[in-house]
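Here's a quick briefing on how this protein packs its inside. Have the sequence and structure open as you read.

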Amino acid sequence: MHMDKLAIVVPCYNEEEVLKIASEALRGVLKDLVEKGKIAADSFILFVNDGSKDRTWELIEEEHAAHPASVYGVKLAGNVGHQFALTAGLITAKDMCDVTVSIDADLQDDVDVIEEMIDKFHGGCDIVYGVRKARKTDTFFKRVTAQGFYKLMGAMGVKTVYNHADFRLMSQRAVEEFSKYKETNLFLRGMMPLIGYQTDSVYYDRKERVAGESKYPLKKMLALAFNGISSFSVKPISLILGVGLFILFVSALALVYALISYFTGHVVQGWTSLILSIWFLGGLQLLAIGLVGQYIGKIYIEVKGRPRYNIEKVLTDHGVEEERG
């Protein structure tokens, strides 16, 4: 009987404080699933070092040396960001396994539901989303902004799974299909629903970080949100067009009012309103130009066709470091 080979892909950026803890926990998950006969004995963890400035890669090498059959590593030549690092890990693992599970190294996502993901995979699902039950551990500000993020994405026409980040299972054919998406502006949460195939979700309570600090501060979250919207929707440009038409209508009403005032002799000095109108329209034009410029900038980056990442080394169970361009 063929047993499916699992690869747990873990993107890492400056995670020296949690890496060994994560390795031990995930090796425990693999061992448990192998003993239960749900995955192949040669399943493995693939840590992806995203240009870390601390000892993350050295620790990955240590874990690989201690557990060469179950801990692999990918070293990117530089820091490319979470979405690219995860993509590099998925595509690297694609030809070495039957199914992947992506999870962050901070262990805030519940590793215990990986078994449930595997069960749903065996039931015919190609993609299984890890979804948070609630946001009890979040601050009020983060909870409100996160809810606003999902509502905004929905309003902009971007399909996402509510309260799902990048903790998910993907079959080999789902990753194969994902690898055909070549765009540079990656927003994986929005891309996964585009793949199709049968999907399902598992639900869990998110934990606190076991150590270290969050690698996704507000600035990065806002950048991710804008990237997601601009990568999947042209609605912001349509909204600007709508605002422009509305202002044109209001301007026509103002013209009628001005003509009536002129012919009735009730002319009022309008310096203040004139200046405010100029400022308002000037600001709106700059906003519109800037928004269109963002889209043009993304087109500029896409047409260059540059590699999204550069893999420097790969550690596998062959015990050899492979150089890759």
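This is a predicted model: local features need pLDDT of at least 70, side-chain atom pairs count only at pLDDT 80 or more; totals for chains, interfaces and linings use all residues.

The protein has 325 residues, of which 44% count as buried, and its secondary structure comes to ten helices and nine strands.

**Overall make-up**
- Among contacts with a separation of 6 or more, 82% are between residues 24 or more positions apart.
- Carbon and sulfur atoms hold 62% of the accessible surface, which totals about 17200 Å².

**The cores**
- The largest nonpolar core has 36 residues, and Leu6, Val10 and Ile114 touch the most other members.
- Strands E1 (6-12), E2 (44-49), E4 (99-102), E6 (164-171) and E7 (199-204) each give two or more residues to this core, and so do helices H1 (19-35), H2 (56-66) and H4 (114-122).
- H1 is the top contributor to this core, with six residues.
- Take Ile114: leaving aside neighbours within four places in sequence, its contacts are Ile8, Leu26, Val29, Leu33, Val101 and Phe167.
- Another core, of 31 residues, lies apart from this one, and its members include Tyr72, Val74, Val131 and Leu186.
- As a general point, nonpolar side chains in soluble globular proteins tend to be buried together.

**The cysteines**
- A search of the whole structure turns up zero disulfides.
- Cys97 counts as buried because its relative accessible area is 4%, under the 20% cut-off.
- Cys125 is buried too, at 5% relative accessibility.

Conventions. Residues are numbered from 1 along each chain as its sequence is written. Side-chain values use heavy atoms; hydrogens and water are left out. A nonpolar core is a set of buried Ala, Val, Leu, Ile, Met, Phe, Trp, Tyr and Cys residues joined through side-chain atoms within 4.5 Å. Buried means under 20% relative accessible area, exposed over 50%, partly exposed in between (1.4 Å probe, protein chains only). Helices (H or I, at least four residues) and strands (E, at least two) are DSSP runs, numbered from the N terminus. Contact means heavy atoms within 4.5 Å. Accessible areas come from the Shrake-Rupley method with a 1.4 Å probe; for residues, only the protein chains shown count as cover. A disulfide is a pair of cysteine sulfur atoms within 2.5 Å.
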